[in-house]
Amino acid sequence: MSVGTAFAADDVTEDQIIKALAPKKPLTRGLSAATPAPNPDEGRFVSTLRNRTTRSLSSGEREQIAAIAQDKPNIDLEITFDYNSAKISERAGPAVDALGKALSNPELKGSTFVVAGHTDGVGGEAYNKDLSERRADSIKRALVEKFGIAGSDLVTVGYGKSKPKDPAAPLDPSNRRVQVVNMANKTASK
């Protein structure tokens, strides 16, 4: 998955998240805008992901999500969890609240978002994949329950330690993060 701007849990704002996740508007020089056509295959694939559980995704689908997400608006959030747990820590509350408010904003509402969990390089591959899936699911659950975001608009995926933010330092805490990607093929309307 692509590297987005990283924000610590205690300093990210709703506006920063909206700016990071808003679909990019095409640059124009004249009165007519040449908007690139959405990729229909990509759109169909993203539609098949809606309402799927994290654990139902094949490794090929996970890689396809990562490939599509590379060019999409995204943000990395340092959302902390209790040790060895998928329970969102109290310290991460402001970041989860900012994310919920941002995804409820009319500029982003209705898009399909991938909530990807990542871990650092400590521990085994299978354990980290499972932990990252549970953590992504916890974020989704909080967004649905607290902010009323449609569960079908949130696709969760866990990558474990396979896609570190800093590949040169796999044990670095910056690799433990939640990445949110706007998978929309549309330009936001106000």
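**Exercises on contacts and salt bridges**

D82 touches K87, S89 and R135, not counting residues up to four places away in sequence; a contact means heavy atoms within 4.5 Å. The structure is a predicted model, in which local features need pLDDT of at least 70 and side-chain atom pairs count only at pLDDT 80 or more, while totals for chains, interfaces and linings use all residues. Residues are numbered from 1 along each chain as its sequence is written, and side-chain values use heavy atoms, with hydrogens and water left out.

**Exercise 1.** Describe the salt bridge between R44 and D41.

*Solution.* 
Step 1. A salt bridge requires a side-chain nitrogen of Lys or Arg within 4 Å of a carboxyl oxygen of Asp or Glu; by this rule the count comes to 12.
Step 2. For R44 and D41, the N to O distance is 2.4 Å.
Step 3. Both residues belong to helix α2 (residues 40-49) and lie 3 residues apart, about one turn of the helix.
Step 4. D41 is classed as exposed because its relative accessibility is 53%.

**Exercise 2.** Which parts of the chain does the salt bridge between R50 and D153 tie together?

*Solution.* 
Step 1. The side chains of R50 and D153 meet at 2.7 Å, N to O.
Step 2. R50 lies in the loop between α2 and α3 (59-69), and D153 in the loop between α5 (125-147) and β4 (154-160), so the pair ties together parts that are 103 residues apart in sequence.
Step 3. R50, at 26% relative accessibility, is partly exposed, whereas D153, at 11%, is buried.

**Exercise 3.** Locate the partners of the salt bridge between D97 and K146 and classify their exposure.

*Solution.* 
Step 1. The N to O distance between the side chains of D97 and K146 is 2.6 Å.
Step 2. This pair links distant parts of the chain, with D97 in helix α4 and K146 in helix α5, 49 residues apart.
Step 3. D97 has a relative accessible area of 24% and is therefore partly exposed; K146, at 55% relative accessibility, is exposed.

Methods. Helix = DSSP H or I, 4+ residues; strand = E, 2+ residues; numbered from the N terminus. Buried < 20%, exposed > 50% of the residue type's maximum accessible area, 1.4 Å probe, protein only.
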